[in-house]
Structures are given as structure tokens and as C-alpha cells.
Amino acid sequence: MAEPFIKTKRPPQIRTGLTDTGVKKAADKSARTRAREFALQALYQHLVGQNEADSIDAFTRDLVGFHKADSAHYDALLHGCIESEKALDENITPLLDRKMAEISPVEHAILWIGAYEFTNCLDVPYRVVINECIELAKAFGGTDGHKYVNGVLHKMAPSLRAAEVAADQSRQA
């Protein structure tokens, strides 16, 4: 005779601002974080579908929640990354352990965002750029994609933000 199945009770949830996957809940995200998420989705469309920036932009602006994003930062990321994709890839490619074609489009777009922000968004500290890109990779990328993004951006930071990285290292010493 089979034993009856007894369903165990789950412990009560504690609200920490994170979902069970460790990702921030939507209500706790900053406007810039949201802008990066929408830019990532748009850049993915560009990389995979080769869609034009203007049609991607129009589509993305109609998505639910876009009104909560920093639209100026989104515009800078989307249009800046697409306009300077060759230069961004030139910064990224030497730091890779494989060919760019073997990198997932999600991680490729996240690396574009990181390289673009290192170069053009000097108001954002380099550690914030790295952290935001890691969070994007955790939320949208492959299983260990965030580790790869972290490694590449940590190698890139000293060349694109030399003074800031040096000052940070001297404070830690």
C-alpha cells in the first residue's frame, strides 16, 4: 500500500526587494536600470534580426513599462551602440577567449552597453557599469553569462577608464 503524499508547507516569504531568482523586482528598479533593459532588448533585435534602429526604437517605446525608463539614457545606449558597433567590437574582441560569432547575442549586446557606457557615460562610475551589466546578464543571459560579462568588463575597464580604476585601486591599497 502506498503512503499518502503529504505536502509540506513553504516557509513564509520575506520581502527583500528580490524575486526568488535573485533579480530585483520591477518596482525597485531605477529609471536607468530600466533604460538598460529596454536597450538590451532593442540591441538584441538589431543583432539577431538586423532590424533598423528607428523601427526597433518605435517598437520598444510601445512596450509596457517604457514610460518608467530614462528615455534619454535608452536613446543614448540604443543609437550610440548601433552607430559605433565596429568601435565597440574592436574594444571587446581582444578580450574574448573565443570568436565574437560564438558569443550569445544577449551577452554581445550587454558587452556593447558596458563598453559604450565606459566610453560615453562618464557620470556613471565604472563599478556601477560593471554591476549593471552583470545584473542584465543574470536576468536575460545564459546560465553563467554573467561571469563571462564580468570577466570581460573587468579587463576592459582599465583601458577605457584608466584614471578612475587607478584611483579606485589606490584607495583600496
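This is a predicted model: local features need pLDDT of at least 70, side-chain atom pairs count only at pLDDT 80 or more; totals for chains, interfaces and linings use all residues.
Me: How many aromatic pairs does the structure hold?
Reply: The structure holds 2 aromatic pairs.

Me: Why is the pair of Phe38 and Phe66 called edge-to-face?
Reply: Look at the angle. The ring planes stand at 65°, and planes over 60 degrees apart count as edge-to-face. The centres are 5.3 Å apart, and the limit for a pair is within 6.5 Å. So Phe38 and Phe66 are an edge-to-face pair.

Me: What makes this a link between distant parts of the chain?
Reply: Phe38 is in helix α1, residues 31-49. Phe66 is in the loop between α2 (53-61) and α3 (71-83). Phe38 and Phe66 are 28 residues apart.

Me: And what makes Phe66 and Tyr74 an aromatic pair?
Reply: Their rings lie 5.0 Å centre to centre, and the cut-off is within 6.5 Å. The angle between the planes is 80°. With over 60 degrees as the mark, the pair of Phe66 and Tyr74 is therefore edge-to-face too.

Me: Which residues do the ring pairs link into a cluster?
Reply: Phe38, Phe66 and Tyr74.

Me: How do you know whether Phe38, Phe66 and Tyr74 are buried or exposed?
Reply: Compare each relative accessible area with the cut-off for buried, which is under 20%. Phe38 has 9%. Phe66 has 6%. Tyr74 has 0%. So Phe38, Phe66 and Tyr74 count as buried.

Me: Why is Ser71 called partly exposed?
Reply: Ser71, in helix α3, has a relative accessible area of 32%. Buried needs under 20% and exposed needs over 50%. The value falls in between, so Ser71 is partly exposed.

Me: Which residues is Ser71 in contact with, leaving aside its neighbours within four places in sequence?
Reply: Arg61 and Phe66. As for Phe38, its C-alpha atom and that of Ser71 are separated by 9.5 Å. Those two residues are 33 residues apart along the chain.

Me: How do you know that the charged end of Arg98 sits over the ring of Tyr148?
Reply: The charged end of Arg98 is 4.5 Å from the ring centre of Tyr148. The distance limit is within 6 Å. A second test asks for a place within 35 degrees of the ring normal.

Me: Why does Gln50 count as exposed?
Reply: Its relative accessibility is 57%, and exposed means over 50%. So Gln50, in the loop between α1 and α2, counts as exposed. Gln50 also has a positive phi of about 55°, although it is not a glycine.

Notes. Residues are numbered from 1 along each chain as its sequence is written. Side-chain values use heavy atoms; hydrogens and water are left out. Rings of Phe, Tyr and Trp (its six-membered ring) pair if their centres lie within 6.5 Å; planes under 30 degrees apart count as stacked, over 60 as edge-to-face and the rest as tilted. Helices (H or I, at least four residues) and strands (E, at least two) are DSSP runs, numbered from the N terminus. Buried means under 20% relative accessible area, exposed over 50%, partly exposed in between (1.4 Å probe, protein chains only). Contact means heavy atoms within 4.5 Å.
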